[in-house]
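Reader: Could you walk me through a few local features of this one before I set anything up?
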Amino acid sequence: MTSPATTLSRPAAATGQNAPAVPAALAAPARAYDTGLLVLRLVLGLTIAAHGAQKLFGWFAGGGVEGTGMYFASLGYPSPEAFAVVAGLTETLGGLGLALGLLTPLAAAAVAGTLVNAISVKWGGGFFAPEGVEYELLIALAAVALALTGPGRIAVDRLVPRLRSHRLAHGVAAIALGAVLAGTTLLLRH
């Protein structure tokens, strides 16, 4: 009898030829992997989307555009209400994109870029909450991880032919774009 760790599977390749043998123990956990990515995407995405809704609509005891704009003005952002709308839309759409697994690398880059700005605002308060950056850093790096790994198989991206198979290069490019846009936003701050 063969042990599960040494059982080999040969999935058919797209060309009709057999792919290299893969140990069954490595192929089987894919469902757990996809479920774990789904849980991470849902929690991270919906949390960030709720933060965006606070900024845009004042939901969940948020300040709305006006209150967030006043806060952004105190931080030195020009056109603070416009930046409040941009931040709110970025968080809401990026968060919903992550939760759905839709355009995952771009959604993750949007979340990470927004959190880079939040980290820069809180920098100097130490690492731990309430003044530190641990929360923002954790969310930003979780978003980067999702951009690099992809959404898993339980995602809307799997229904879009060009997005069906995640490529590391897409994640790297999206994170680079998010970093450039976050840096540009920070340069506009006085």
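Predicted model: local features only at pLDDT ≥ 70, side-chain atom pairs only at ≥ 80, totals over all residues.

Reader: Fine, start with H3. Which residues of helix H3 are buried?
Author: Helix H3 spans residues 64-74, and the buried residues in it are Gly64, Thr68, Gly69 and Phe72. Seen down the axis of H3, these buried residues fall within an arc of 150°, so they line one face of the helix.

Reader: Why would residues spaced like that point the same way?
Author: An α-helix has 3.6 residues a turn, so residues three or four places apart point the same way.

Reader: And which exposed residues sit on the face of H3 turned away from its buried side?
Author: That face carries Glu66, Met70 and Ser74, which are exposed. Just after H3, Gly76 takes a positive phi of about 95°.

Reader: Switching topic, where is Asp157, and is it buried or exposed?
Author: Asp157 lies in the loop between helix H6 (134-149) and helix H7 (168-188). Asp157 is buried yet has no salt bridge, and the nearest side chain of opposite charge, that of Arg41, is 7.4 Å away.

Reader: What does Asp157 touch, then?
Author: Leaving aside residues up to four places away in sequence, Asp157 touches Gly101, Leu102, Leu103, Thr104, Pro105, Pro151, Leu163 and Arg164.

How values were computed:
Residues numbered from 1 in each chain as written. Heavy atoms only, no water. Buried < 20%, exposed > 50% of the residue type's maximum accessible area, 1.4 Å probe, protein only. Helix = DSSP H or I, 4+ residues; strand = E, 2+ residues; numbered from the N terminus. Arc of directions from axis to C-beta. Lys, Arg positive; Asp, Glu negative; His and termini not counted. Salt bridge = Lys/Arg side-chain N within 4 Å of Asp/Glu carboxyl O. Contact = heavy atoms within 4.5 Å.
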